[in-house]
Amino acid sequence: MVQVGSPFWKGRPLSSKPHDQSTVVGASYSHANILKGIPQQHTRPRTPPRPSSIGSQHVSPSPHHSGTRTTPTRTSYSGIMSQGIDPWGHDPTAAEEDDDDDEEDIVFDDDEDEFGLPSLSSVRKTQNRTAGPHSLKTVDPGGGIRNNPATLGVGPPSNRQRANSSDIAEERGASMYPTARKGEGKILRPQYKDILRDPANALNLINHAPPPKNATPKEMDAYTSRISRINKFKRLLQTSTVPLPELRNLAWSGVPDEVRAMTWQLLLGYLPTNSERRISTLERKRKEYLDGVRQAFERSSATSTGTPPAPATGRGRGLDEAIWHQISIDVPRTSPHIQLYSYEATQRSLERILYLWAIRHPASGYVQGINDLVTPFWQVFLGMYVTDLNVEEGMDPGQLPRSVLDAVEADSFWCITKLLEGIQDNYIYAQPGIHRQVRALRDLTMRIDSALAKHLEKEGVEFMQFSFRWMNCLLMREMSVQNTIRMWDTYMAEEQGFSRFHLYVCAAFLVKWSDQLVKMDFQEIMMFLQALPTRDWTEKDIELLLSEAFIWQSLFQDSRAHLRPAGDRSPENGLQ
């Protein structure tokens, strides 16, 4: 995890000096790649060498299939932004002069991911060594493997473990995007302008496919049940004032794809329940977002004062370079196994959302992991405007009308803002929210499955070492985006779904693997928890997990005395 707060855009020469153990070097999207079976060499993107450094640098970019990707000419961000929204001023002839002209190629630490967990390859290497059985005890979440228990620093600023920013946040060279074939993409709904004006208009366009031929009685029951469920949502969503308690009760068991976008916007409080206020609110919020982006990405305030514009380097671009560089590194690594997120239009949209959110929330700024949380919103809202709701493949957003992309982007920004309002203490300095949840997870696991908790303690496994990522990314690195979307249906239906209920989901998730974990040693446990076998999970598996979490919440919620560990007489054990 890297929390960006100070400038570090200057390149730094490579050094043979070993990295400090408290330093996080590089980042990777570790588990999603494993889930989808991506070869290991694709899991750690390298910055392609600059043409001038090919002779001296021998780091090659990750291989790609010929004919499927192209290397576009690198242009300034302001130039690309102007292509997305007409009113944004730009100088198309001005070439970007980056501060990092003397920047060296990035070297990533292959022994860890960005959350400090050891990579699978490093654990396998260590496993083959002839060291003593207790030589490897804990993994420092800040980076590196240590012999003594370690947790993330929460002490004074001088003791805080920081990322080596200049190693991580170097801006990428020319990016590589899939080449969209002519005509590629889902079919845009002819009524998209009506949907832009009011999402409720999409409810009238829902068409039920006929039941499968020669369907079994069980299949016919499932078909009839689904149609009935969609109609229940339509009746609620088409009322003049949507009753939120009824909508929450209905959404807890899952929201059909056809009505999910509008349901999420209502449950998060972004869309007004009163239908008369809906159109004006959407127009105002979308305009506010676009104005904010326009202001944030102005090249320089000097252009409006009549003075000569500053060169497109450093702070002359009008950006917070520390935040921007880290976002520009993380966005290409977001859901790399899904084609939708490899297109330039998608990546530019995510960059704008994350950057604007970061500068509007200086208490936290941009933190790695937030980029993952945007993707379910972006994917769900995009599907509202096309006839095929599966937009993960064969969908180049760059071919859609600009008004559609602007609406999807603005709606995603406001919804991620609403979500993070409830868990922002997970991302502020020292991340007290995550520490509190990890302590509560440890105590909850001790009550639910004491044998597992004691085994983890015996093997020297700290809960922070594996559950930090669960809290930081809301389990998105452990399961597919589609399963995450189903899980979020229930989270939004809960009163504190992304904070309190998520804790019980993590407890149910950990206890689910108890039979395997109690038979493993430290290294096997860490390897297993990094590559949990959720690749083939379906919606039924998610619903079972949510049901178990609901049971634990019903038993232990507000039962702090019962959850308090033996000998702990403090009134607060971290459970919220």
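**Salt bridges, helix packing and backbone in a predicted chain**

Arg436 has a relative accessibility of 21% and therefore counts as partly exposed. On this scale, buried means under 20% relative accessible area, exposed means over 50%, and partly exposed lies in between, with a 1.4 Å probe and protein chains only. The model is predicted, so local features need pLDDT of at least 70 and side-chain atom pairs count only at pLDDT 80 or more, whereas totals for chains, interfaces and linings use all residues. Residues are numbered from 1 along each chain as its sequence is written, and side-chain values use heavy atoms, with hydrogens and water left out.

The chain as a whole provides the setting. It contains 22 helices and four strands; both are DSSP runs numbered from the N terminus, helices being H or I of at least four residues and strands E of at least two. Of the 576 residues, 54% are buried. The accessible surface amounts to about 25,600 Å², and carbon and sulfur atoms contribute 50% of this area, as computed by the Shrake-Rupley method with a 1.4 Å probe, where for residues only the protein chains shown count as cover. Among contacts with a separation of 6 or more, 76% join residues 24 or more positions apart, a contact being heavy atoms within 4.5 Å.

Side chains of opposite charge can pair when their charged atoms come close. The structure holds 18 salt bridges, each defined by a side-chain nitrogen of Lys or Arg within 4 Å of a carboxyl oxygen of Asp or Glu. One of them joins Arg278 to Asp198, at 3.8 Å from N to O. Because Arg278 belongs to helix α9 (residues 275-296) and Asp198 to the loop between α5 (192-197) and α6 (217-237), this pair ties together parts that are 80 residues apart in sequence. Both Arg278 and Asp198 are buried.

Helix α9 also holds Lys287 and Asp291, four residues apart, or about one turn of the helix. Their closest N and O atoms are 2.8 Å apart in a salt bridge. Lys287 is exposed at 52% relative accessibility, while Asp291 is partly exposed at 29%.

Arg436 pairs with Asp425 in a further salt bridge, with 2.5 Å between the closest N and O atoms. Arg436 sits in helix α14 (residues 432-448) and Asp425 in the loop between α13 (402-421) and α14, so the pair ties together parts that are eleven residues apart in sequence. Asp425, at 26% relative accessibility, is partly exposed. Elsewhere, salt bridges with shared partners link Asp257, Arg260 and Asp489 into one network.

Two packed helices are described by the angle between their axes and the distance between the axes. Helix α8 (residues 260-267) packs against helix α17 (residues 481-493) at about 35°, the axes lying 10 Å apart; the axes are lines fitted to C-alpha atoms, for helices over the stretch in contact, with angles running from 0 to 180 degrees between N-to-C directions. The crossing of α8 past α17 is left-handed, that is, the near helix is turned anticlockwise from the far one by less than a right angle. In this contact, Arg260, Trp264 and Leu267 of α8 meet Ile485, Trp488, Asp489, Met492 and Ala493 of α17. These residues comprise six nonpolar, no polar and two charged.

Finally, the backbone. Most residues other than glycine have a negative phi. Gln431, which is not a glycine, has a positive phi of about 50°. Gln431 lies in the loop between α13 and α14 and is buried at 4% relative accessibility. Leu474 likewise has a positive phi, near 55°. The loop between α16 (463-472) and α17 contains Leu474, which is buried with a relative accessible area of 0%.

Key
Nonpolar A, V, L, I, M, F, W, Y, C, P; charged D, E, K, R; others polar.
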